[in-house]
Amino acid sequence: MRSGVELVPTNDQPQTGKDYSSDQEVRWCPGCGDYAVLKAVQGFLPDLGLRRENIVFVSGIGCSSRFPYYLDTYGMHSIHGRAPSIATGIATAREDLSVWVVTGDGDALSIGGNHLIHALRRNVNMTILLFNNRIYGLTKGQYSPTSEPGKVTKSTPMGSVDHPFNPVSLALGAEASFVARTIDSDRKHLTSVLSAAAAHRGTSLVEIYQNCPIFNDGAFDAIKGNDTKADAIIPLVHGEQVRFGTPGEDGRGSKVVVRDHVTGGVKVALAADVEESAVLVHDAHAADPSTAFAISRLTAADYLHQAPIGIFRAVERPTYDDQARAQVTTARQDAPGAPADQLAALIGSGDTWTVV
């Protein structure tokens, strides 16, 4: 685990999802994808092997931000868009905590965009779950930073003219050390991604496609439908070729991802049209995020017919909170001819005043 302190449950009995379920009534709209994510998280948390008091969930504002109420851990329903900053303080001050952020596409990418990208570039020890339903749900259906162009909502009756964010591309551009995407309704895939994200030392960002049945129902039908998902989902598995699609009667329907030597990125091609050796092998551990970024650009702007799903990037690099704590420790160490506590001496140096 990412904490430097070994933590175990307070008793010898295995924990279950019920141990992480609070006594609060869960209040989301019927059919909301948040229910599926909550159940997956509650079922996954016992696998961390931590005391509940060593886990903290921080949220901002929005439907997803009710999460801390429904988990029997420490938690904070904080300020709109500022959850990553508050979580940074917690993670830096308390190495013994497993710190999680729960946010939505509006909360994280609009008012909170600046806080998100700086948490990612600093590589603070936290796991960020970004629920993307491509709409403002709590405030009743305005378009969000991830809504597709032309989106007709209460705030855009003639259609949105905004160009949407691709959260995965944004995270990779900020050089996040762990970036993944999963789906609320795929419990197995969601749990496996959560496990990898929690084990990663540094900032992990997991975008979760999540359906809003009231204000944006069916936004991800192609990715979820049994008849369409094989052609819509581009599965990413480290060390494996990137292949997807269902072969048609002529056997030419199967697709692959290959290098695009014209643009320098990647593109989708029919498997029958390319050599086996040309098929891209996914490398989530590549130090250079360029290829992962190129793969993220295969996400269709309307989200209706194509999206890569899986772990895009998982690399190791120094973390902000580990380095900050190391500096504080160094400043407090004895040095020849220096005060016993150099940090205290620094703070007390120069002009000081005593207020009486």
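Okay, some housekeeping. Residues are numbered from 1 along each chain as its sequence is written, and side-chain values use heavy atoms, with hydrogens and water left out. Since the model is predicted, local features need pLDDT of at least 70 and side-chain atom pairs count only at pLDDT 80 or more, while totals for chains, interfaces and linings use all residues.

Let's start with the pocket. Rolling a probe the size of a water molecule over the atoms shows where empty space is left. Here a pocket is an open set of points on a 1 Å grid over the protein atoms alone, where a 1.4 Å probe fits, with protein on both sides within 12 Å along at least five of seven lines; lining residues have an atom within 4 Å of a point. Grid points are joined across faces, edges and corners, and the volume is the space filled by probe spheres set on the points. On that basis the largest pocket holds about 240 Å³ of space. Its lining has 18 residues, and Ile-61, Gly-62, Cys-63, Tyr-136 and Gly-137 lie nearest the centre. What's the lining made of? It splits into 6 nonpolar, 9 polar and 3 charged residues. Helix α3, residues 105–111, gives the largest share of the lining, with 3 residues. By the way, helices (H or I, at least four residues) and strands (E, at least two) are DSSP runs, numbered from the N terminus.

Next, the loop between β4 (126–132) and α5 (167–173), where you'll find Ser-160. Ser-160 has 5% relative accessibility, so it counts as buried. Buried means under 20% relative accessible area, exposed means over 50%, and partly exposed is in between, using a 1.4 Å probe and protein chains only. Leaving aside neighbours within four places in sequence, Ser-160 is in contact (heavy atoms within 4.5 Å) with Tyr-143, Glu-148, Pro-149, Gly-150 and Lys-151.

Side chains of opposite charge can pair when their charged atoms come close. The rule here is a side-chain nitrogen of Lys or Arg within 4 Å of a carboxyl oxygen of Asp or Glu, and the count comes to 11. Glu-148 pairs with Arg-134, with the closest N and O atoms 2.1 Å apart. Both partners sit in that β4 to α5 loop, 14 residues apart, and both are buried.

Another pair is Arg-181 with Glu-207, at 2.8 Å from N to O. Arg-181 is in strand β5 (residues 178–183) and Glu-207 in strand β6 (residues 203–209), so the bridge ties together parts 26 residues apart in sequence. Glu-207 in β6 is also the bridge partner of Arg-181.

And then there's a network: Glu-95, Arg-201, Asp-321, Asp-322 and Arg-325 are linked by salt bridges. Within that, Arg-325 and Asp-321 have their closest N and O atoms 3.3 Å apart. Both lie in helix α10 (residues 320–332), 4 residues apart, about one turn of the helix.

Back to β5. Is the strand buried or exposed? Here 6 of its 6 residues are buried, so the strand is largely enclosed by the rest of the structure. Phe-178, Ala-180 and Thr-182 point one way, and Val-179, Arg-181 and Ile-183 point the other. β5 and β6 run parallel, joined by 6 bridges; strands pair if DSSP finds at least two bridges between them.

For contrast, there's an antiparallel open sheet of 3 strands in the order β8-β9-β10. Its edge strands are β8 (243–244) and β10 (266–270), each pairing on one side only. β8 meets β9 (residues 255–259) over 2 bridges, with Phe-244 opposite Lys-255.

Most residues other than glycine have a negative phi, and most peptide bonds are trans. Asn-123, however, has a positive phi of about 65 degrees. Asn-123 sits in the loop between α4 (113–122) and β4, and is buried at a relative accessible area of 0%. Lys-140 also has a positive phi, near 80 degrees. Lys-140 lies in the β4 to α5 loop and counts as partly exposed, at 45% relative accessibility.

Technical notes. Nonpolar A, V, L, I, M, F, W, Y, C, P; charged D, E, K, R; others polar.
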